[in-house]
Amino acid sequence: MLSLDVVSQALLWIVVIVEGILLLALARQIGLLHQRLNVGGARIMNAGPKIGETVPALDAQDVNNEHVTLGIERGKRALLLFISIGCGTCETLLPQIKQLARLERDNLEIKLVVFGNADLENGQKYAQKHGLDSTLPLIVSNDLGVQYRVSIAPYGLVIDRSGILRAKGLVNSYHDIESLLNAEEMGVRSIDQFMQLQHEKQLN
């Protein structure tokens, strides 16, 4: 006859094995979900300038009192990235954004726009804290948020060399920012639309 200790240990091992199987299944589902979210890229919000339209001109001063424009007259694309002070996701993106600004400085200009309850002093402290300079100008402006109808951060708009909006969307990761830039290069609204078009071609 089996002792009580042996039965207890056997039951305990069964519980551990079952929990291990459940954890593996959960990890797999999380991985699949992560892949599905990455394919979609940045999510588009319907407010503001429509893709394909000419965007309002940008004529502002950054936190260092330097004149900032879109860069159209310099033959460059522009990425307007709307952020807010206190946004953890925005801060997480900054190191990669700074690197992108340096690597693509000949073809792409990136402007950071702080909107919400921020003032010039807070903007200057934010720029100093994160080492932002003329390669990545920081503008503090609630008016630009209203003008471009942006109400959530971080949010990006990609504008081509002619001043036309080519892609826009909520950017919660660097992958989302890349999806906006890639969508603009491919001539589609978003990576999601590109994937859909590819799927339709395969069906035909």
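**Talking through the model**

Mentor: Let's start with Asn65, which is exposed because its relative accessible area is 60%; exposed means over 50%, buried under 20% and partly exposed in between (1.4 Å probe, protein chains only).
Trainee: Where is Asn65 found?
Mentor: Asn65 is in the loop between strand 1 (60-61) and strand 2 (67-68). Helices (H or I, at least four residues) and strands (E, at least two) are DSSP runs, numbered from the N terminus. Phi of Asn65 is near 65 degrees, a positive value in a residue other than glycine.
Trainee: Before we go on, what am I looking at here?
Mentor: This is a predicted model, where local features need pLDDT of at least 70, side-chain atom pairs count only at pLDDT 80 or more, and totals for chains, interfaces and linings use all residues. Residues are numbered from 1 along each chain as its sequence is written, and side-chain values use heavy atoms, with hydrogens and water left out.
Trainee: And what is the mean pLDDT of the protein chain?
Mentor: The mean is 79, and 74% of the residues reach 70 or more; pLDDT is the predictor's confidence in each residue, from 0 to 100. Over residues 27-41 the pLDDT is below 50, and this stretch has nine contacts in the model beyond near neighbours in sequence. Contact means heavy atoms within 4.5 Å.
Trainee: OK, the overall fold. How many helices and strands?
Mentor: The protein chain has six helices and seven strands. Read from the N terminus, the order is α-β-β-β-α-β-α-β-α-β-β-α-α. Of the 204 residues, 37% are buried.
Trainee: Which residues have the most contacts inside the largest nonpolar core?
Mentor: Those are Ile83, Ile97, Ile110, Leu112, Leu138 and Ile177, in a core of 28 residues. A nonpolar core is a set of buried Ala, Val, Leu, Ile, Met, Phe, Trp, Tyr and Cys residues joined through side-chain atoms within 4.5 Å.
Trainee: Which elements give two or more residues to it?
Mentor: Strand 3 (77-83), helix 2 (88-103), strand 4 (108-114), helix 3 (120-129) and helix 5 (174-186) do. Helix 2 gives the most, with six residues.
Trainee: What does Ile97 touch?
Mentor: Leaving out residues up to four places away in sequence, Ile97 touches Leu81, Ile110, Leu112, Leu136 and Ile177. There is also a second, separate core of 19 residues, and Val113, Val150, Leu157 and Ile159 are among them.
Trainee: Switching topic: which peptide bond is cis?
Mentor: The one from Ala153 to Pro154 is cis, with omega near -5 degrees. Pro154 lies in the loop between helix 4 and strand 6.
Trainee: Is Ile152 buried, partly exposed or exposed, and why?
Mentor: Ile152 counts as partly exposed because its relative accessibility is 33%. Ile152 and Val171 are 19 residues apart in sequence and 10.0 Å apart in space, C-alpha to C-alpha.
Trainee: Last one: where is Ile21, and why does it count as exposed?
Mentor: Ile21 is in helix 1 (residues 4-40), and Ile21 counts as exposed because its relative accessibility is 53%.
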